[in-house]
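The entries follow the order in which I looked things up.

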Amino acid sequence: MSRKKALKGAKGASKSPKASPCKDGVGKSGKCAVAASGGAVHPSAPSISTSGGFYDVAFKVMLVGDSGVGKTCLLVRFKDGAFLAGSFISTVGIDFRNKVLNIDTIKVKLQIWDTAGQERFRSVTHAYYRDAHALLLLYDVTNKGSFDNIRAWLTEIHEYAQQDVVVMLLGNKADATHNRVVKKEEGEKLAKEFGVPFMETSARSGLNVELAFSAAARELKHRSTKEPEESKFQLQDYVDREMRSASCCH
Ligand SMILES: Nc1nc2c(ncn2[C@@H]2O[C@H](COP(=O)(O)OP(=O)(O)O)[C@@H](O)[C@H]2O)c(=O)[nH]1
Ligand SMILES: [Mg+2]
């Protein structure tokens with residue numbers, strides 16, 4: 001029996017954004033038989049490979065935010081568990097990586113799209129918003145400008161993404177205590193104002209990197225499998241609980 005069949009009875013992500021059906025490994029409902037591997041792709045001609053592992057549901061997650069906030073480093077940390085220091089990893093256009101997470105008994109494949117924040121890539125990025133199930137919006141706690149631009153990013157997301165896209169605000173580079181110019185409370189306040197979950201992360205130390213992606217995956221999985229009578233999964237509550245339990249015991 002295929003992993004897909006194991007999810008028999010799931011309702012489908014009826015509230016999820018409408019992704020194009022399966023053309024790059026993630027279907028409208030988040031479920032698709034094709035597992036694409038990572039690699040640079042051209043917007044109009046995604047490179048497809050079937051070398052990915054088994055999974056039950058798949059979702060598109062996009063990393064967005066100003067250039068230099070650490071989107072690529074966050075993705076590399078999550079995918080490979082490493083930190084790439086220096087500026088030699090600048091993103092050109094759009095790139096993606098896959099990772100399968102075990103959420104409860106379900107295998108959730110995240111197809112994570114790394115974008116370049118530069119103005120010249122914006123029009124390309126916009127086209128991808130529509131298909132995204134989740135957006136991780138980053139700013140850099142050592143760069144006030146990147147924080148100030150979050151409002152503009154949220155406006156843009158509102159304009160181009162699906163209405164029910166999962167959005168999380170991440171204050172990255174939390175390790176850089178000496179250079180910090182944006183307080184954690186400021187991030188919390190802004191997130192509250194826009195009604196999105198928030199956490200600080202560090203691609204350098206690994207702080208909350210797994211949590212950011214797994215919380216998004218959990219929310220998406222919950223949406224795609226829930227029965228109507230099931231209680232709503234509370235993303236921020238989950239994040240707070242996980243952070244409390246991590247800080248209590250390590
Ligand atoms: N201290 C610190 N530096 C980071 C972190 N994440 C990224 N950087 C650095 O910030 C710069 C930009 O990172 P990059 O991932 O290329 O940003 P992007 O343009 O958003 O993809 C690089 O020099 C990284 O080494 C982090 O969590 N902590
Ligand atoms: Mg980049």
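Against which elements do the buried residues of H5 pack? I found that they pack against strand E5 (134–140), helix H3 (144–148), helix H4 (150–160), strand E6 (166–172) and strand E7 (198–200). Helices (H or I, at least four residues) and strands (E, at least two) are DSSP runs, numbered from the N terminus; contact means heavy atoms within 4.5 Å.

I noted that this is a predicted model, in which local features need pLDDT of at least 70 and side-chain atom pairs count only at pLDDT 80 or more, while totals for chains, interfaces and linings use all residues. Residues are numbered from 1 along each chain as its sequence is written, and side-chain values use heavy atoms, with hydrogens and water left out.

I then looked up the buried side. In H5 (residues 184–194), Gly187, Leu190 and Ala191 are buried (under 20% relative accessible area, 1.4 Å probe, protein chains only). Because these residues cover an arc of only 100 degrees around the axis, they lie on the same side of H5. The face turned away from that side carries Lys189 and Lys192, which are exposed (over 50%).

I next examined H4 and H5. Their axes, lines fitted to C-alpha atoms over the stretch in contact, come within 12 Å and cross at roughly 25 degrees. H4 is therefore roughly parallel to H5 (angles under 35 degrees). Ile150, Arg151 and Leu154 of H4 make the contact with Leu190, Glu193 and Phe194 of H5.

Note on methods: Chains lettered and ligands numbered in written order. Arc of directions from axis to C-beta. Axes fitted to C-alpha atoms, helices over the stretch in contact; angles between N-to-C directions. Parallel < 35°, antiparallel > 145°, perpendicular 65-115°, else oblique.
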